[in-house]
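Please view the sequence and structure below before reading on.

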Amino acid sequence: MRLTTKGRFAVTAMIDLAMRQGKGPVTLSGISQRQSISLSYLEQLFGKLRRHEIVESIRGPGGGYSLARKADKVTVADIIIAVDEPLDATQCGGKENCHGADHANGTRCMTHELWATLNEKMVDYLDSVSLQDLVDQQKAKAAAEQPVVVHRNSNQAALG
């Protein structure tokens with residue numbers, strides 16, 4: 001089980017969009033350039049995000065995309081589920097026929113409950129992380145990377 005590029009790119013693109021919220025619609029070509037994600041791939045992802053009412057499109061000159069709801073009301077799970085990303089660690093895809101429908105033991109494998117519980121924990125975790133949390137992390141990271149510039153006041157220089 002692993003998160004594919006579809007889920008990773010969707011979350012990355014949504015962070016980019018959310019960081020520019022309030023400055024007008026964000027173009028997919030801008031996201032494509034900043035995040036090095038194919039424009040046609042973004043178009044597919046944003047079509048799904050729009051259908052799930054996570055983003056809304058603004059047509060015409062100066063158009064683009066904006067969030068359909070506040071960033072603190074969108075979770076990572078919402079984004080991943082919207083782009084049809086499977087969050088399933090079971091071998092059977094949750095169908096409980098781990099050995100295959102043709103197999104004499106077409107029932108759960110011995111580790112089915114382990115992987116099913118992992119699925120629940122993943123969804124719970126991803127549902128606990130909001131898009132706003134990720135935006136805040138990026139802003140904090142950017143602030144930490146900024147060089148600190150100290151300006152010395154001429155009075156302080158005389159005192160020191």
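A residue counts as buried under 20% relative accessible area, as exposed over 50%, and as partly exposed in between. The model discussed here is predicted.

## Surface patch

Together with Leu114 and Trp115, Leu118 makes up a nonpolar patch on the surface. The accessible area of the three residues together is about 260 Å².

## Ser32 in helix H2

Is Ser32 buried or exposed? Its relative accessible area is 15%, so Ser32 is buried. Ser32 sits in helix H2, residues 28–35.

Leaving aside residues up to four places away in sequence, Ser32 is in contact with Ile37, Ser38, Leu39 and Leu42.

## Largest pocket

The largest pocket holds about 270 Å³ of space. Its lining consists of 17 residues. Those nearest the centre of the pocket are Val11, Thr12, Ile15, Leu134 and Gln138.

Which helix gives the largest share of this lining? Helix H1 does, with six residues. At least two lining residues each come from H1 (5–19), H2, H4 (76–82), H5 and H6 (131–145).

Methods:
Residues are numbered from 1 along each chain as its sequence is written. This is a predicted model: local features need pLDDT of at least 70, side-chain atom pairs count only at pLDDT 80 or more; totals for chains, interfaces and linings use all residues. Side-chain values use heavy atoms; hydrogens and water are left out. Patches are made of residues with over 30% relative accessible area and no salt bridge: like charges are joined within 9 Å, nonpolar side chains (Val, Leu, Ile, Met, Phe, Trp, Tyr) within 5 Å. Accessible areas come from the Shrake-Rupley method with a 1.4 Å probe; for residues, only the protein chains shown count as cover. A salt bridge is a side-chain nitrogen of Lys or Arg within 4 Å of a carboxyl oxygen of Asp or Glu. Helices (H or I, at least four residues) and strands (E, at least two) are DSSP runs, numbered from the N terminus. Buried means under 20% relative accessible area, exposed over 50%, partly exposed in between (1.4 Å probe, protein chains only). Contact means heavy atoms within 4.5 Å. On a 1 Å grid over the protein atoms alone, a cavity is a set of points where a 1.4 Å probe fits but cannot get out, and a pocket is an open set with protein on both sides within 12 Å along at least five of seven lines; lining residues have an atom within 4 Å of a point. Grid points are joined across faces, edges and corners, and a volume is the space filled by probe spheres set on the points.
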